[in-house]
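Please keep the sequence and the structure in view while reading.

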Amino acid sequence: MKTFLAALLLMAVIVGFAALNTILVIKKTDELLGIAESFPANDIQFEAKKNDLSEKVTDFATLWSKAIPFLAYTSNYQNLNRADEAVTLLYASFQSDSAADFIAARYDFLDAMRRLRNLEAISFSSVF
């Protein structure tokens, strides 16, 4: 009976850890997605909002730098690397005033993070 209770307790701890990790990863990805979705989606918007974007892009890159070590523990490296490259390109293209590269990096980041979020979310289809 002791062994059964110990196994049950261990299983509860593991399930609790997995649920907490999922909640935290989804919270981080939603926060990053929210910021990235607020960036300009075309060159006209980029030119119009260029002056207001400086602080936002810097904060976004800083937030990503803080989030990536946490996400790296349990997330898919392929999508994480895509998102990391997109953040680097997004920041560099803003600094070099390249609207086309900025927009492409934004879309690449959004795609990578949405895939990462879907892979981390708990769903019935992920169990079977």
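## Helix 3 against helix 4

In this predicted model, helix 3 contributes Asn-79, Leu-80, Arg-82, Ala-83, Ala-86, Val-87, Leu-89, Leu-90, Ser-93 and Phe-94 to a contact with helix 4. Their partners in helix 4 are Asp-101, Phe-102, Ala-105, Arg-106, Asp-108, Phe-109, Asp-111, Ala-112, Met-113, Arg-115, Leu-116 and Leu-119. Sorted by class, the residues of this contact are 14 nonpolar, 2 polar and 6 charged.

The geometry of the pair can be stated in two values: helix 3, which covers residues 77-95, packs with helix 4 at an angle of about 155°, and the axes lie 8 Å apart. Helix 3 is therefore roughly antiparallel to helix 4, since angles over 145 degrees count as such. The two helices cross in a left-handed manner.

## Helix 1 against helix 4

Helix 4 also packs with helix 1. Helix 1 spans residues 2-37 and helix 4 spans residues 99-120. The angle between these two helices is about 160°, and their axes are 10 Å apart. Helix 1 and helix 4 are therefore roughly antiparallel to each other, and the crossing of helix 1 with helix 4 is left-handed.

Which residues of helix 1 meet helix 4? They are Asn-21, Thr-22, Val-25, Ile-26, Thr-29, Asp-30, Leu-32, Leu-33, Ala-36 and Glu-37. On the side of helix 4, the contact is formed by Arg-106, Phe-109, Leu-110, Met-113, Arg-114, Leu-116, Arg-117 and Glu-120. The contact of helix 1 with helix 4 comprises 9 nonpolar, 3 polar and 6 charged residues.

## The chain as a whole

How many helices and strands does the chain contain? It has 5 helices and 0 strands, and the order of elements from the N terminus is α-α-α-α-α. The radius of gyration is 19 Å, whereas the globule rule gives 14 Å for 128 residues; the chain's value is well over this, so the chain is more spread out than a compact globule.

Along the principal axes, the C-alpha atoms fill a box of roughly 70 × 25 × 20 Å. Of the 128 residues, 33% count as buried.

## Contacts along the sequence

Among the contacts in the chain with a separation of 6 or more, 75% are between residues 24 or more positions apart. The contact of helix 1 with helix 4 joins residues such as Asn-21 and Thr-22 in helix 1 to a set in helix 4 that includes Arg-117 and Glu-120.

Definitions and conventions
Residues numbered from 1 in each chain as written. Predicted model: local features only at pLDDT ≥ 70, side-chain atom pairs only at ≥ 80, totals over all residues. Heavy atoms only, no water. Axes fitted to C-alpha atoms, helices over the stretch in contact; angles between N-to-C directions. Helix = DSSP H or I, 4+ residues; strand = E, 2+ residues; numbered from the N terminus. Parallel < 35°, antiparallel > 145°, perpendicular 65-115°, else oblique. Left-handed = near helix turned anticlockwise from the far one by under 90°. Contact = heavy atoms within 4.5 Å. Nonpolar A, V, L, I, M, F, W, Y, C, P; charged D, E, K, R; others polar. Rg over C-alpha atoms; globule rule 2.2 N^0.38 Å. Buried < 20%, exposed > 50% of the residue type's maximum accessible area, 1.4 Å probe, protein only.
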